[in-house]
Amino acid sequence: MFRKVLDSLSATGLRQRLDKRRLQEELDVHKLFLLTSYKAGDHGGNVDKIFEIAKSQSFDERYAAVQKHLQSQVREVATQ
């Protein structure tokens with residue numbers, strides 16, 4: 001038990017936790033990109049095309065697209 005605590009506080013343990021968090025963030029952004037792109041009607045709702053675009057874009061590009069889609073969707077809901 002004590003060894004487990006020491007491992008989690010070490011530099012490698014911290015790096016492993018950060019890597020897991022980064023991976024989870026990338027997965028979440030990828031899911032949000034797919035959902036918000038489909039909801040926004042990008043590419044006529046063609047799911048295969050949205051998948052191809054998601055594969056070709058970097059994390060930062062997908063993140064920016066998700067922000068743009070969410071802002072427009074919130075604006076749309078707020079004006080109704």
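**Entry 1: the salt bridges**

Before starting, I noted the rule I would apply: a salt bridge is a side-chain nitrogen of Lys or Arg within 4 Å of a carboxyl oxygen of Asp or Glu. I also reminded myself that this is a predicted model.

I searched the whole structure and got 2 salt bridges. I took Glu26 to begin with: Glu26 pairs with Arg22, and their closest N and O atoms are 3.0 Å apart. That distance is within 4 Å, so the pair qualifies as a salt bridge. Both residues belong to helix 2, where 4 residues, about one turn of the helix, separate Glu26 from Arg22. Salt bridges with shared partners tie Arg22, Glu25 and Glu26 into one network.

Next I looked up the pair of Arg22 and Glu25, whose side chains form a salt bridge at 3.9 Å, N to O. These two also sit in helix 2, 3 residues apart, again about one turn of the helix.

Arg22 is partly exposed at a relative accessible area of 38%, Glu25 is partly exposed at 35%, and Glu26 is partly exposed at 29%. For Glu26 I went back to the cut-off: buried means under 20%, so 29% leaves Glu26 in the partly exposed class.

**Entry 2: the overall layout**

I then stepped back to the whole chain. The protein has 4 helices and 0 strands, and from the N terminus on the order reads α-α-α-α. Of its 80 residues, 18% count as buried. The protein exposes about 6500 Å², and 57% of that comes from carbon and sulfur atoms.

**Entry 3: confidence**

How far does the predictor trust its own model? The average pLDDT is 84, and 78% of the residues score at least 70. By element, helix 4 has the highest mean pLDDT, 93, while helix 1 (residues 2–9) has the lowest, 57. A caution for my own reading: where pLDDT is low, the predicted coordinates should not be read in detail.

**Entry 4: the nonpolar core**

Which residues make up the largest nonpolar core? I listed 8: Val29, Phe33, Ile50, Ile53, Ala54, Phe59, Ala65 and Val66. Helix 2 (11–40), helix 3 (47–56) and helix 4 (59–79) each give at least two residues to this core.

Phe33 lies in helix 2, and its relative accessibility of 4% puts it in the buried class. Beyond its neighbours within four places in sequence, Phe33 contacts Ile50, Ile53, Ala54, Gln57, Arg62, Ala65 and Val66. I also took one distance: Phe33 and Ile53 are 20 residues apart in sequence, and their C-alpha atoms are 9.9 Å apart in space.

Then I turned to Val66. With neighbours up to four places away left out, Val66 is in contact with Val29, Leu32, Phe33 and Thr36.

Ser37 is in helix 2. Its relative accessible area is 1%, which is under 20%, so Ser37 is buried. Residues up to four places away aside, Ser37 touches Leu32, Asp42, Ile50 and His69.

Gln73 is in helix 4. Why does Gln73 count as buried? Its relative accessibility is 18%, and the class takes in values under 20%. Leaving out neighbours within four places, I found Gln73 in contact with Thr36, Lys39 and Ala40.

Tyr38, Val47 and Phe51 make a nonpolar surface patch of about 280 Å². I checked one of its members: Val47 is found in helix 3 and is partly exposed, with a relative accessible area of 39%. Exposed would need over 50%, so Val47 stays in the class in between.

Conventions: Residues numbered from 1 in each chain as written. Heavy atoms only, no water. Core = buried A, V, L, I, M, F, W, Y, C linked by side-chain atoms within 4.5 Å. Buried < 20%, exposed > 50% of the residue type's maximum accessible area, 1.4 Å probe, protein only. Contact = heavy atoms within 4.5 Å. Patch = residues over 30% accessible without salt bridge, like charges linked within 9 Å, V, L, I, M, F, W, Y side chains within 5 Å. Areas by Shrake-Rupley, 256 points an atom, 1.4 Å probe, with all protein chains shown as cover. pLDDT = per-residue confidence, 0-100.
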